[in-house]
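Student: I have a structure to read. Please show me how to go about it.

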Amino acid sequence: MTTAFNRASMAQAGDLRPTGETAAGPVGAVTGWPTLVSAVDADLREAAKARTPLTLLILAIDNLDEINREVGSRDADDVLGAVAVKLARAVRRRDRIIRYAGNRFAVLLRSCPVAEVGGVAERMARAVERTPVTTPHGSVRVRLRMGAAEVSDQAADAETVSRHARDALRAAKNAPGDRALVAHGSALNVARVRLVERQNDAIDPVQLLNEQRLMLAGQPIVSATDRSIAFHEALVRVRLAEGPIMGAAEAVPLAERHGVIPLFDYRVLQLAIDHLNRNPGTRLAINMSPLTLCDAGSWTAFTAHLGAHAALAERLIIELTETAAIEDPTGVRGRLAALKRLGVTIAIDDFGSGHTSFRHLRSFPVDILKIDGSFVANLAHSREDRYFTRMLVELAQHLGIETVAEWVGDEDTARTLTDWGVTYLQGDHIGPAQLWEVERPLARDRRRTKFGPVVQRHAS
């Protein structure tokens with residue numbers, strides 16, 4: 001069935017809800033435990049009907065007592081409100097967030113099995129923890145603890161699911177490390193999450209940079225119509241001293257926790273420029289952290305390196321997440337315009353997971369929208385995801401913006417997206433990310449000629 005594009009569908013697909021609100025209402029308002037159980041019950045029935053997984057994630061500020069001591073209870077309440085707004089911006093559009101107690105937030109993750117909740121939780125933690133909250137009595141940093149429970153039995157009742165998630169949160173409160181996620185009934189998953197945190201705490205990211213251990217892995221992005229390679233996304237990889245390779249899912253949070261993600265972005269830019277120089281005719285997409293975009297010194301260094309390679313910049317695509325784009329629309333608009341003047345292509349990553357308004361999207365100098373893979377991966381099982389994904393594609397077509405569908409996992413999905421008019425396809429079905437081993441010997445030459453040591457991070 002053909003879906004007509006009109007202003008109503010455009011508004012439903014792209015408009016920003018009022019700041020601090022979700023589909024469940026103002027997220028800062030405390031609703032109580034019965035409201036949470038009622039919401040879980042409604043989503044349980046919907047998940048059973050659609051035969052899709054449902055996971056309940058419960059979050060709490062781990063250092064609230066410390067914040068109270070630092071800035072007082074009144075400012076601590078304001079911190080809770082700021083966290084509520086950050087969480088509302090980080091959740092996917094289809095998810096529901098509820099503040100059911102003073103320091104308790106629940107997120108109903110639709111079509112998200114508990115095995116994948118770690119990535120979602122990491123994204124939400126970054127949204128809350130990467131920048132301090134400013135109060136009249138000073139800035140404070142927030143740490144989160146999280147508990148999760150999956151509905152593994154469609155006959156499970158809402159009270160039981162909610163209690164399991166709450167028990168997992170209590171277990172997380174007793175877990176070691178700066179941040180912990182505990183999944184109810186999944187000891188293997190819990191062990192994996194904790195092990196990653198412990199191992200990474202012993203790794204110095206500045207040393208990794210100075211020893212030239214950052215590498216790139218390229219994942220092909222192909223034309224939907226003829227499957228020819230249009231460009232690659234360059235994903236960061238780190239070769240550890242013991243030999244194993246650390247992926248972006250671990251390397252990026254590590255760099256963010258140590259406050260050196262702009263240095264990672266700069267090194268990735270250097271590697272990308274060098275790759276483009278050695279491979280004429282190719283195009284490459286790299287990710288930019290919001291900290292690089294917003295920090296004056298990091299921004300100056302990044303754009304200066306781009307400006308020094310103007311002939312290559314036109315073959316470079318810079319991806320910025322949707323959540324980062326809407327945190328400061330005016331400032332982001334100016335920075336994106338500056339990147340455009342340097343010749344780069346601009347892409348908004350994970351589109352559909354946040355709440356970018358049509359007005360903001362139209363005003364940003366955006367060339368490509370990358371549709372959040374969590375919608376694409378579930379097309380075969382969710383009418384809601386099919387409808388929403390198709391509206392995102394039509395919204396982009398209306399604005400004259402190209403689209404990339406991420407996480408394409410099978411041929412049926414690829415054909416459906418092609419029929420809808422998606423411009424490019426990306427995912428394991430199209431081609432997995434592969435380490436560019438050829439970069440390794442070249443990196444030894446660069447150490448002698450082009451890449452000097454990274455300056456040591458400032459003491460905190």
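Tutor: Start with the core. A nonpolar core is a set of buried Ala, Val, Leu, Ile, Met, Phe, Trp, Tyr and Cys residues joined through side-chain atoms within 4.5 Å. Buried means under 20% relative accessible area, exposed over 50% and partly exposed in between, with a 1.4 Å probe and protein chains only. This is a predicted model, where local features need pLDDT of at least 70, side-chain atom pairs count only at pLDDT 80 or more, and totals for chains, interfaces and linings use all residues. Residues are numbered from 1 along each chain as its sequence is written, and side-chain values use heavy atoms, leaving out hydrogens and water.

Student: Which residues touch the most other members of the largest nonpolar core?

Tutor: Leu306, Leu316 and Leu425, in a core of 69 residues. Helix α10 (residues 261-278) gives the most to this core: eight residues. Helices (H or I, at least four residues) and strands (E, at least two) are DSSP runs, numbered from the N terminus. Another core, of 32 residues, lies apart from it; Leu64 and Leu109 are among its members.

Student: What does Leu306 touch?

Tutor: Contact means heavy atoms within 4.5 Å. Leaving out residues up to four places away in sequence, Leu306 touches Leu269, Ile273, Ala313, Leu316, Ile318, Leu339, Leu342 and Val344.

Student: How do I read a helix pair?

Tutor: Two packed helices are described by the angle between their axes and the distance between the axes. Axes are lines fitted to C-alpha atoms, for helices over the stretch in contact, and angles run from 0 to 180 degrees between N-to-C directions. Take helix α3 (residues 64-71) and helix α4 (residues 73-90): the angle is about 130 degrees, and the axes are 7 Å apart.

Student: Which word describes how α3 and α4 lie to each other?

Tutor: Angles under 35 degrees count as roughly parallel, over 145 as roughly antiparallel, 65 to 115 as roughly perpendicular and the rest as oblique. α3 and α4 are therefore oblique to each other. In their contact, Leu64, Ile67, Asn68 and Val71 of α3 meet Ser73, Asp75, Ala76, Val79 and Leu80 of α4.

Student: Is Thr321 buried, exposed or partly exposed?

Tutor: Thr321 counts as partly exposed because its relative accessibility is 29%. Thr321 sits in strand β14 (residues 316-321). Not counting residues up to four places away in sequence, Thr321 touches Ile348, Asp349 and Asp350.

Student: How many helices and strands does the chain have?

Tutor: The chain has 20 helices and 19 strands. Of its 460 residues, 53% count as buried.
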